[in-house]
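Please keep the sequence and the structure in view while reading.

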Amino acid sequence: MLDFIFLTKCITSSQFLIILCFLQITDSLLIHLPSLKPLIVSSSFEVMDQGVPGCTFSNWAQTFTCTPQLSFHPSSEAEIRKILEFTQSRNERVKVVGKGHSPSDIACTDGFLIYTDKFNRLLNVDRKMGQVMVEAGMTLEQLNNELPQHGLALANLGAVSDISMGGMIGTGTHGSGIRHGMLATQVVKVRLMTAAGQVLELSNDMDNDEERDMFHAVQLHLGALGVLLTITLQCVKAFRLEMVQTPGTLTQVVDDLHNYLQCWEFFRFFWFPHTNSVALLQVKSTDKKVHVKHSWFWDRLVGFYLLEFLLWLSSFLPILVPWINRLFFFLLFSTPRHSVERSDRVFHFDCLFHQHVQDWAVPLEKAKIVLLQLQQWLDNNSVVRAHYPVEVRFVRRDSILLSPCYNQDTCFINVVMYRPYGKEVEREKYWKGYEAIMKSAGGRPHWAKAHSCNHKDIQQMFPELPRFLAIRQKLDPTGIFLNDYLQRTLIGPYDNMCAQ
Ligand SMILES: Cc1cc2nc3c(=O)[nH]c(=O)nc-3n(C[C@H](O)[C@H](O)[C@H](O)COP(=O)(O)OP(=O)(O)OC[C@H]3O[C@@H](n4cnc5c(N)ncnc54)[C@H](O)[C@@H]3O)c2cc1C
């Protein structure tokens with residue numbers, strides 16, 4: 001205001017007239033040339049001021065890196081809308097990133113990057129309905145720490161909670177338990193900002209077929225449909241879980257799989273490749289008192305530091321890998337363990353250090369044959385060395401358009417190759433052999449993790465891809481949310497984009 005008074009004192013009346021004329025001309029331009037309007041009224045310069053150039057983004061495993069032209073940290077919907085307008089006006093592309101935990105390049109861009117770390121509040125708790133509404137940048141960890149104060153919990157979780165809500169439903173994050181769907185099946189409502197800045201409210205009980213389809217598309221959106229603003233989740237009463245960890249063999253567990261899945265609400269197991277050993281993690285709800293024993297020596301010193309050192313040694317002498325798998329099974333998993341804890345703490349699993357992972361889903365009835373095939377292939381293949389664990393999990397069927405569990409109860413088989421002290425370890429032959437076995441069993445890849453599928457493979461694997469692409473085309477006609485990953489997997493070479 002003071003600046004304005006000072007300015008009016010300094011200019012003469014003739015200068016004032018010239019300014020008035022200029023404003024008049026600009027205004028008439030805005031009226032008669034509407035296409036110019038967004039550029040001028042969206043205060044692009046203000047948006048530019050908020051964007052930071054030259055910041056490098058790396059995913060958690062440090063396997064993919066990009067340097068977006070500008071990085072933004074908006075804290076409101078209005079700011080997000082301005083960034084989208086700015087992106088359109090510059091004919092650029094934009095990506096939204098949660099916590100960057102996806103092991104693939106799905107969150108990378110050479111355009112603009114929107115971080116959601118300042119868009120992370122718990123907005124509402126409806127105790128009667130047991131539902132919570134959160135901003136999409138809130139992490140599962142933040143929510144898990146808030147929910148007990150309201151007597152609530154999420155019914156099912158994956159191994160990690162340092163991920164955002166937007167990312168969780170962006171790639172189809174799952175836990176394990178054949179009575180439970182992917183985590184996105186706990187979502188009842190979403191608000192999404194489209195490329196045009198329009199806000200859509202979608203829920204699982206919409207009457208209109210088209211809107212219900214959109215909801216099922218957004219439940220696994222790949223960051224391709226718009227900016228997720230808020231998510232409403234259905235919770236359950238806070239509960240404790242009891243975990244019984246016992247040793248076993250692969251041949252026995254695949255023979256008795258049906259029984260394990262019936263007896264234990266959340267059942268998964270770790271198989272130690274190059275051996276027949278497995279550790280069974282059998283989990284169910286309980287009223288028993290909390291009972292946990294943590295041992296820094298075994299969990300951290302042996303289970304983390306010694307393992308990383310030995311895996312680093314084995315990168316020079318790969319013949320050590322089977323020996324390491326046997327040793328660590330013996331040290332950490334050969335005796336039974338038992339614990340009772342708050343539910344979210346039991347779902348979690350320490351994924352240790354940086355790694356490459358693949359996690360394909362096969363129809364549940366193929367789980368036995370696929371695992372035995374993988375075991376046989378590794379036993380007959382002396383040049384391939386596989387790190388432990390191969391983590392085997394089970395997820396109920398759903399109707400989410402791009403879900404690996406679409407219309408089929410599913411077994412996920414997660415393989416890992418660690419990068420001890422950041423060192424790359426040979427994995428190409430393992431990856432190829434594993435993918436070939438998964439593909440031949442009608443497998444579908446986890447969208448967040450490594451896979452070599454292109455749009456032609458994806459077309460064959462995901463029957464509802466055309467419906468998803470039609471929705472994508474409608475919500476983002478000029479493709480501002482696309483990046484190389486989406487182009488490669490959903491659409492194909494750049495010049496094919498218009499054909500979709
Ligand atoms: C140690 C570790 C353990 C893991 N454990 C599991 C597991 O147990 N089960 C499992 O299924 N997966 C697991 N994952 C994979 C992980 O769940 C997914 O990669 C998840 O998407 C990560 O969430 P994020 O917030 O880091 O998402 P990001 O990697 O940041 O983003 C993922 C996608 O979502 C999009 N996105 C994010 N937020 C928004 C938004 N607000 N609006 C629009 N688009 C958005 C991004 O553009 C991108 O396409 C694990 C990964 C790691 C590194």
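## Two annotated spans

How much helix and how much strand does the chain hold over residues 220–239, and how far apart are the end C-alpha atoms? The model examined here is a predicted one. In this model, residues 220–239 are 0% helix and 50% strand, with 27 Å between the end C-alpha atoms.

For residues 309–333, the model gives 80% helix and 0% strand. The end C-alpha atoms of residues 309–333 are 19 Å apart.

## Overall architecture

The protein has 500 residues, of which 41% count as buried. Its secondary structure consists of 18 helices and 20 strands.

Contacts can also be described by how far apart the partners stand in the sequence. Among contacts between residues at least 6 apart in sequence, 74% join residues that are at least 24 apart.

## The largest nonpolar core

The largest nonpolar core contains 127 residues. The members that touch the most other members are Ile83, Ile114, Ile231, Leu371, Cys411 and Ile413. Strand β19, which covers residues 410–418, contributes the most to this core, with 7 residues.

When its neighbours within four places in sequence are left aside, Leu371 is in contact with Leu250, Val254, Trp271, Val392 and Ile413. Ile413, in turn, is listed with Leu371 among the core residues that touch the most other members.

## The surroundings of the ligand

The ligand is surrounded by 33 residues, and the closest are Gly98, Gly166, Gly167, Gly170 and Gly223. Which element supplies the largest share of this shell? Helix α7 does, with 5 residues. At least two residues each come from β4 (94–97), α7 (165–171) and β11 (227–234).

By residue type, the shell divides into 16 nonpolar, 15 polar and 2 charged residues. Domain 1 (122–238) and domain 2 (240–452) both contribute to the shell, so the shell lies between them.

Thr230 belongs to strand β11. Is Thr230 buried or exposed? A residue counts as buried when 20 or more other C-beta atoms lie within 10 Å of its own; Thr230 is buried because it has 22. Not counting residues up to four places away in sequence, Thr230 touches Leu123, Met133, Val134, Glu135, Ala136, Val190 and Arg191. The C-alpha atoms of Thr230 and Lys189 are 8.3 Å apart, although these residues are 41 apart in sequence.

Gly158 is found in the loop between β8 (152–153) and α7. With 18 other C-beta atoms within 10 Å, Gly158 is partly exposed. Its C-alpha atom is separated by 6.2 Å from that of Phe347, which is 189 residues away along the chain. Phe347 is also one of the contacts of Gly158 beyond four places in sequence, and the others are Thr173, His174, Gly175 and Leu183. A further pair involves Asp457, which is placed in helix α16 (residues 455–461). The C-alpha atoms of Asp457 and Leu490, 33 residues apart along the chain, are separated by 9.6 Å.

## Backbone features in loops

Which peptide bond is cis, with omega near -5°? The bond from Tyr388 to Pro389 has this geometry. Pro389 is located in the loop between α14 (367–379) and β18 (390–395).

Two residues other than glycine have a positive phi value: phi is near 75° for His274, and near 65° for Asn407. His274 lies in the loop between β14 (266–271) and β15 (277–286), while Asn407 lies in the loop between β18 and β19. His274 is partly exposed, with 19 other C-beta atoms within 10 Å. Asn407 is also partly exposed, with 13 such atoms within 10 Å.

Technical notes
Residues numbered from 1 in each chain as written. Predicted model: local features only at pLDDT ≥ 70, side-chain atom pairs only at ≥ 80, totals over all residues. Core = buried A, V, L, I, M, F, W, Y, C linked by C-beta atoms within 7 Å. Buried ≥ 20, exposed ≤ 12 C-beta atoms within 10 Å, placed from the backbone. Helix = DSSP H or I, 4+ residues; strand = E, 2+ residues; numbered from the N terminus. Contact = placed C-beta atoms within 7 Å. Near = placed C-beta within 6 Å. Nonpolar A, V, L, I, M, F, W, Y, C, P; charged D, E, K, R; others polar. Domains from an automatic or database assignment.
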